[in-house]
Amino acid sequence: MAGISLDLELLVAKRTDETKDIVALELVSRSGDNLPPFTAGAHIDVQVPGGPVRQYSLCNEPGVGKTYALGILRDPVSRGGSLGIHEHVQEGSLLQVSEPRNHFPLDESAQHSILLAGGIGVTPILCMARRLSALEHSFEMHYCTRSSESTAFIESIAASTFGDKVHHHFDDGGQEQLLDIPGLLAAPRDGVHVYVCGPGGFMDAVLGAARTAGWPEEQLHSEFFSAEVGVKEDDGNFQIELAKSGKTVTVAADQTAVDALAAAGVDVPVSCEQGVCGTCLMTVLEGEPDHRDMYLTPDEQAANNQFTPCCSRSNTAVLVVDA
């Protein structure tokens, strides 16, 4: 399997401190040419200077243009990604990035869209709002943050053509302006799609309320930015059989499948290494995965035909994959 292709070298044309912990970057081609087009919800892979490859959602209006806009939160427990961006990337810096990919697409045929953003999860949601506004489609956006001071893009949203569709909810504000998630999603509606991105607890609350209310899975769309990699006390060894080569690799109890495969000379592309991005996704031919990712939907996990080796394991002694 091939790794991630970082084929674009882009110039940081502008850096803005949106809040004390969030920086906005505008990336352009050094030649001034148009960049590869993207759709709402897309992201790019970025090689952090001196650090890992990380995925960041595009937040400007999608389509064909000369700019990729990003919003990046300084994570206090950064593993080298966001910290590297905040400390080492300035206007004039050059970054190696991939062409856009989309694991969180917008259904433009929906009669109405409910966009829910928590904190830095606003980046793909903002991109969707820009697209829906350009199409003049019906939507509403709810943006939850700790305070107005910690709210990225608050001024550009207010000045936008869709500012009246955005409802801000501040943790330090009055009870009357807090987001009532169960109330908002109490009644499933045909043709209405729900999109959510943000911290795990926020997303769990949204998806849990929607599923409790009976929203069909095909009307629920989510993208997790991070997750705790689950480890269980009774984790044991299992084997991965590579169907194409016939090779068998043993995954130790204290080892990820990605690490075991890499040690055996099998290249698996990775990015988040937390089961949220889908970069490492493998097709399962036989066996039952022990799903510990946040990328696959419950229905996709139940099908047991895909597997995220960065964090998931196996409920069977052998897992046969199409590799």
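User: Which backbone oxygen lies 2.7 Å from a polar atom of the side chain of Thr151?
Analyst: That of Ser147; a polar contact is a pair of N or O atoms within 3.5 Å, one able to donate a hydrogen and the other to accept it, and residues adjacent in sequence count only if both atoms are side-chain atoms. This is a predicted model, in which local features need pLDDT of at least 70 and side-chain atom pairs pLDDT 80 or more, while totals for chains, interfaces and linings use all residues. Residues are numbered from 1 along each chain as its sequence is written, and side-chain values use heavy atoms, without hydrogens and water.

User: Is Thr151 buried or exposed?
Analyst: Thr151 counts as buried because its relative accessibility is 2%; buried means under 20% relative accessible area, exposed over 50%, partly exposed in between (1.4 Å probe, protein chains only).

User: What does Thr151 touch?
Analyst: Leaving out residues up to four places away in sequence, Thr151 touches Thr19, Tyr143, Thr145, His168 and Phe170 (contact means heavy atoms within 4.5 Å).

User: Turning to the cysteines, how many disulfides are found?
Analyst: A search of the whole structure gives zero, a disulfide being a pair of cysteine sulfur atoms within 2.5 Å.
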